[in-house]
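Here is a short briefing for you to read alongside the model. Please keep the sequence and the 3D view open as you go.

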Amino acid sequence: MVAENAAPGQRTAVNLSGIGPQEITGYQVSENSNPSEFTAIQSPSAKYSRSTIYTLSSGDGPKKVYLHLRDAQGTVATAQDSISLD
């Protein structure tokens, strides 16, 4: 999910994908495990894939990036990935 060569504060490409029993209607990428604001998906689908840009927070050390997917029923699924910056 996260590019391995990311540097602090750099914009990083994040590949998003999800498959669920319901149409995926929104997503959020963040370093917060609690989802808040979702970006609406224009053409909801049970299979979702796209690439987006996410800017990592500044500072060295481990980072966790969370992908939150929301379906048509309002259920949220979360995936995470980690990267360590030096």
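Among the protein's contacts (heavy atoms within 4.5 Å) with a separation of 6 or more, 62% are accounted for by residues 24 or more positions apart. This is a predicted model, in which local features need pLDDT of at least 70, side-chain atom pairs count only at pLDDT 80 or more, and totals for chains, interfaces and linings use all residues. Residues are numbered from 1 along each chain as its sequence is written, and side-chain values use heavy atoms, with hydrogens and water left out.

**Confidence**
- The average pLDDT (the predictor's confidence in each residue, from 0 to 100) is 79 for the protein, and 76% of the residues score at least 70.
- Confidence is highest in strand S3 (residues 61-71), with a mean of 88, and lowest in strand S1 (residues 11-30), with a mean of 75.

**Fold and surface**
- The protein has 4 strands and 0 helices; both are DSSP runs numbered from the N terminus, with helices being H or I of at least four residues and strands E of at least two.
- From the N terminus on, the order of elements is β-β-β-β.
- S3 and S4 pair (DSSP finds at least two bridges between paired strands) in the antiparallel sense over 10 bridges.
- In this pairing, lysine 63 stands opposite isoleucine 83 in S4.
- The S3 and S4 hairpin has 4 residues between its strands, and glycine 74 in the turn has a positive phi of about 90°.
- The protein exposes about 5300 Å² (Shrake-Rupley method, 1.4 Å probe), with carbon and sulfur atoms supplying 43% of it.

- Of the 86 residues, 31% count as buried, meaning under 20% relative accessible area with a 1.4 Å probe and protein chains only.

**A look at serine 30**
- Serine 30 is placed in strand S1.
- Serine 30 counts as buried because its relative accessibility is 10%.
- A polar atom of the serine 30 side chain lies 3.0 Å from the backbone oxygen of asparagine 32.
- Leaving aside residues up to four places away in sequence, serine 30 touches Tyr54, Lys64, Val65, Tyr66 and His68.

Definitions and conventions:
Buried < 20%, exposed > 50% of the residue type's maximum accessible area, 1.4 Å probe, protein only. Polar contact = N/O pair within 3.5 Å; in protein donor to acceptor, adjacent residues only side chain to side chain.
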